[in-house]
Amino acid sequence: MKLSKQQIKQHQKCVDLLNQEEMTYDEKLFVYENWYPAYDNQIGTIASFFTPVGLARDFQLMVGGKSVVDLCAGIGMLSFLYYHRMITWEETEVRVVCVERNYGFIEVGKKLFPEAEWIHGDVLDEELIKSLGRFDMAVSNPPFGNIKSDRSSKWLKYKGNDFDLKVVEIAGYLAPMAAFILPQGSLPFTLSDPGGYRNRSTEKYLKFNRETGIVLGPSMGIDCDFYKGDWKGAAPTVEVAEVESYLVDDMTVDPPEIEPVKRETSWAELLGVNREAMSDKERRARWEEWKAMARKAGDSEVVDYWAKDNIDESCAGCVHRDKDWCKLAELPCNINPVLTLQSGMIGMACMGAGKQTAPIQQTLF
Ligand SMILES: C[S@@+](CC[C@H](N)C(=O)[O-])C[C@H]1O[C@@H](n2cnc3c(N)ncnc32)[C@H](O)[C@@H]1O
């Protein structure tokens, strides 16, 4: 990629800033905007098209949680903006781990984003990935298409050649949900086109979905076309996509150890600390097992309290109710995933937000 005189000047200013002892937030943003990975790296062979700052700013609104892993992180653009939103606006500390293969990028990333943990490695390295532990969320703008790597990807369920889709599967071994910047050709929809949102499954996506069971969905309306001219050295047709929920049962990662059901057990142990802790089917079976066990031990009153009392009042007529079970939250109706798990108080499984007493009427006009 040939840079203009102005681009070289801006890049040089970034190099000077990176040589300073310290940088302000605005100076860091300047570097994210103006540092050219192609300047002294071989951009063609390593496919290092960093996300434009504007798109990364929109993207970080899709991110949540207190621990985030950024795969193929480059210099940390995607997670940097999220981290700073969280500490500045939400006053919440977030753990960020960035995995990147290019050491030169890591050196720059560490200066811009020293709060993150930087791991020099290949995302196809199974041992590395499975040693990282679990995160609340994974994010990635991976290289697109058939990218060479010294590492084998035989351990993945996805058998296609597209590196971006390999990363989508890899993210599922690290987090229950993930957000990505992906080429339109790897997705079952288009959103950033003049016509707006459209379902349009590609062969690539259908193969990926068949082999992994993973479902990719759209963002909350981020128009990537708006930033098409802001990529350095490319103008890719991309979308922001998310995996709302990786199903643990579908992943080859060892499932978390689940304690056998006991009469004296905490709600978190019985039902899992979050939805990903076990399959919905297993959670419901454990609930039934616990009720039977408690009744047998003479605790029918306790069972009735959690399984029957108050449901009529709170979940009356709700379409998601199946006896004492909420099919929306996949929890007992009376177990609120925050209130009950943290303080033992009775609540509503959907926290009240999912109650639906009649089918939603579609307005026709
Ligand atoms: C498209 S760039 C995106 C960088 C950054 N995520 C962003 O949004 O600005 C892809 C990055 O993936 C890195 N990469 C390529 N292959 C990799 C691999 N096998 N493991 C880890 N990182 C890799 C490249 O060095 C590059 O920094």
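In the predicted model, helix α9 spans residues 203-212, and its buried residues are Tyr205, Phe208 and Thr212. Viewed down the axis of α9, these buried residues fall within an arc of 65 degrees, so they line one face of the helix. The buried residues of α9 pack against α8, which covers residues 163-171. On the other side of α9, by contrast, Glu203, Leu206 and Arg210 are exposed. Just after α9, Gly213 adopts a positive phi of about 75 degrees.

At the level of the whole chain, the domain assignment gives domain 1, at residues 5-250, and domain 2, at residues 267-343. The centres of domain 1 and domain 2, taken over C-alpha atoms, are separated by 38 Å. An unreviewed UniProt entry places the feature "domain: Methyltransferase small" at residues 65-148.

The surroundings of the ligand were examined next. The ligand is surrounded by 24 residues, of which the closest are Phe50, Thr51, Cys72, Gly74 and Asn141. By residue class, the shell around the ligand comprises 15 nonpolar, 6 polar and 3 charged residues.

Lys9 is found in helix α1, which spans residues 5-19. With 11 other C-beta atoms within 10 Å, Lys9 is exposed, because a residue counts as exposed if 12 or fewer lie within that distance. Lys228, in turn, is found in the loop between β8 (217-218) and β9 (238-243). Lys228 has 16 other C-beta atoms within 10 Å and is therefore partly exposed, as its count falls between the limit of 12 for exposed residues and that of 20 for buried ones.

The positions of these lysines were also compared with residues elsewhere in the sequence. Lys228 and Leu55 are 173 residues apart in sequence, and their C-alpha atoms are 9.3 Å apart in space. Lys9 and Leu81 are 72 residues apart in sequence, and 25 Å separate their C-alpha atoms.

How values were computed. Residues numbered from 1 in each chain as written. Predicted model: local features only at pLDDT ≥ 70, side-chain atom pairs only at ≥ 80, totals over all residues. Domains from an automatic or database assignment. UniProt positions renumbered as here; feature names shortened; annotations may be inferred. Helix = DSSP H or I, 4+ residues; strand = E, 2+ residues; numbered from the N terminus. Arc of directions from axis to C-beta. Contact = placed C-beta atoms within 7 Å. Near = placed C-beta within 6 Å. Nonpolar A, V, L, I, M, F, W, Y, C, P; charged D, E, K, R; others polar.
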